[in-house]
Amino acid sequence: MENLRRIVSPFIAVLASGGLFYYLSETIMPWRIAFAAIMFLATYIIIDGFLRRG
Amino acid sequence: MELNKNEKISVLLIVLPILAIIFFFFYYCAGWNFFISLTDWKGFIPTYNLVGFRNYSSLLHDSIFWTSLKNNLLLIVIFVPGVILIGLIFAILIDQRVKGEGIFRTIYLLPFALSFVVTATLWTWMYSPRVGTINVLLEKLRLSSLKSGWITEPNIVMYCIITALIWQFAGYSVIIFLGGIRSIPESHTEAAKVDGASSFTLYTRIIIPQLTGSFMTGFIIFMCFAIKAFDFIWVLNKGGPGYTSHILGIAMYKETFVLDKYAYGAVYSTIIFLLSIVIIIPLLYLIHRREKLK
Amino acid sequence: MRIVKSRRIVLYIVLIAFAILMLLPLWSGIATAFKTSKEVILTTPITPPLHPTLTPLIESLDYIKKSLINSLVLVGSGVMVSCFFGSILAYVFSKRRFRGSITLFFLVVFCLYVPPQVQLIPLVRVTSRLGLHGNLGALVLLYMLFGTPMCTFIFKILYDEVPDSFIGAAKLDGAGTWTIYRQIILPLSVIPFIVAALLQVTIIWNDFIWGLILTSGEANLPVTVALANLKGSFVAKWNLQMAGALWVALPTLIIFIFLGKYVIRGYAGR
């Protein structure tokens, strides 16, 4: 469980933020990076926290 | 739990940036909107001059403003009590140990799941004069005399809109009141039943008086909506025919983004903001005081 | 006994009649979405399609498919980030109180009642200054922030029920604010997260006015604005309009039908 968490949460976070970064192709670069970064942080921390349950 | 100094710093470091951005987007913008309403800003030209309250005084001579205000008041006077009443009635009916309660609740709530754009599309079809659902049904039921132009008739367009909005919000209202009824401790109602109270007196004397909280919640939510409404009417008929179904939100959008009179539009939004403050702050205060008493 | 029984029957008749009334516009829309233009004129709006066709659904999907993905991206980013911000704020307001935190909490909750019209004009200017006006980025930014007050409110209700002693024990072990949040608070937040997230999904998916004002160009529209445009450009093609409405309605309808339990908690808890 512990190892699973270490892999799963960054994996999902990279997927989510990468997807957002890729999709916002018309947005200027600084904002693309900022959105992707905050998306990574939010997804990573929330999923990591949920997987600590039990 | 008291925080020590280090904890305080770390808490503030985490919270303050988030709060700063949110307050910027809500309160600073509201303030800046008021400031713009005192200028002659046109939107595309970056410069502007302060003109004081000139925009406000021309608003008072604007017939569109009075029509819109009247229609907003119509929403407040008919839509809000209507949706609360229907919610209360059907919450009580569902509370009679009905079989399939969950199904009824879900069905009633379904319209509320939809975007106003979707419901406006559906109701354009319902009200369409020639092929629309309502007129065709009336014809089939041999009630052709009741057929009407619905949203193309200036006299009844607002009532058509209010009916559709009540349809959309009724289920939400049912949920609010059902929650309220269910949270009344059973000992209260049991005592009255033992005393032989009929179900009518049970509701008027015991249950409804205890629903103050639900009434207030419903009142705030529907009132808020009645003041800031925009989407549904805009998609339905753009405030037409003519200006007959304009409300403040629509007039604001038109002045600002159709006619590019940004400063004048800002006057409308300031009025919308003031209206909601005047109505909501006392209610929030009442709710807060009630919760303290508990 | 007989009177009671007939009263029950009347009760059910009233409830079912109201249910039919509530479903009528929806049913009329669904039925029309599966008809050919010819059948729309020949049959009544509530008769089920005799020769169901998928053409309107496919045609309207063609018109709004880019917007469907746009809205999906907006929902995904908006929900994750506003729930993240909301749970942090709720945690601090509930378990790490400091002087003035109650006032700040009230200021956050009051944001729920600020009408969007007040922000329209300022935000057009703010987003164009930030270089975001006209494309999807503006909406991504807004939905990340605008959901936060409501998420804060929903998370705080639950965090208030977590006993302080839970955290006191961790504090004695020397855990800091951030560690407590990640190790104790977040693992307890799955249910409020579902409630808040479903609420945000419906709100962002159904939102119209921000997309109308802050985006331009076919490729950047959220799905509600695309549907409004479809309604405007195919005025008499009712089957096409209804099919478009059906696509937009589908996700939230599914949420309300299958996860209604959580949605109701969110709406009743306000």
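Author: Helices (H or I, at least four residues) and strands (E, at least two) are DSSP runs, numbered from the N terminus. The model is predicted: local features need pLDDT of at least 70, side-chain atom pairs count only at pLDDT 80 or more, and totals for chains, interfaces and linings use all residues. Residues are numbered from 1 along each chain as its sequence is written, chains are lettered from A and ligands numbered from 1 in the order written, and side-chain values use heavy atoms, without hydrogens and water.

Reader: Which helix gives the largest share of the lining of the second largest cavity?

Author: Helix α13(C) does, with 4 residues. This helix spans 238–258, and α1 (2–33) of chain C and α5 (116–127) of chain B also supply at least two residues each.

Reader: What makes C:Met242 a lining residue of the second largest cavity?

Author: C:Met242 is among the residues that line this cavity, so one of its atoms lies within 4 Å of a point on a 1 Å grid over the protein atoms alone, in a set where a 1.4 Å probe fits but cannot get out. About 40 Å³ of space lies there.

Reader: How do you know how the lining of the second largest cavity divides?

Author: It divides into 8 nonpolar, 1 polar and no charged residues. C:Gly29 is in the lining, and Gly counts as polar.

Note on methods:
On a 1 Å grid over the protein atoms alone, a cavity is a set of points where a 1.4 Å probe fits but cannot get out, and a pocket is an open set with protein on both sides within 12 Å along at least five of seven lines; lining residues have an atom within 4 Å of a point. Grid points are joined across faces, edges and corners, and a volume is the space filled by probe spheres set on the points.
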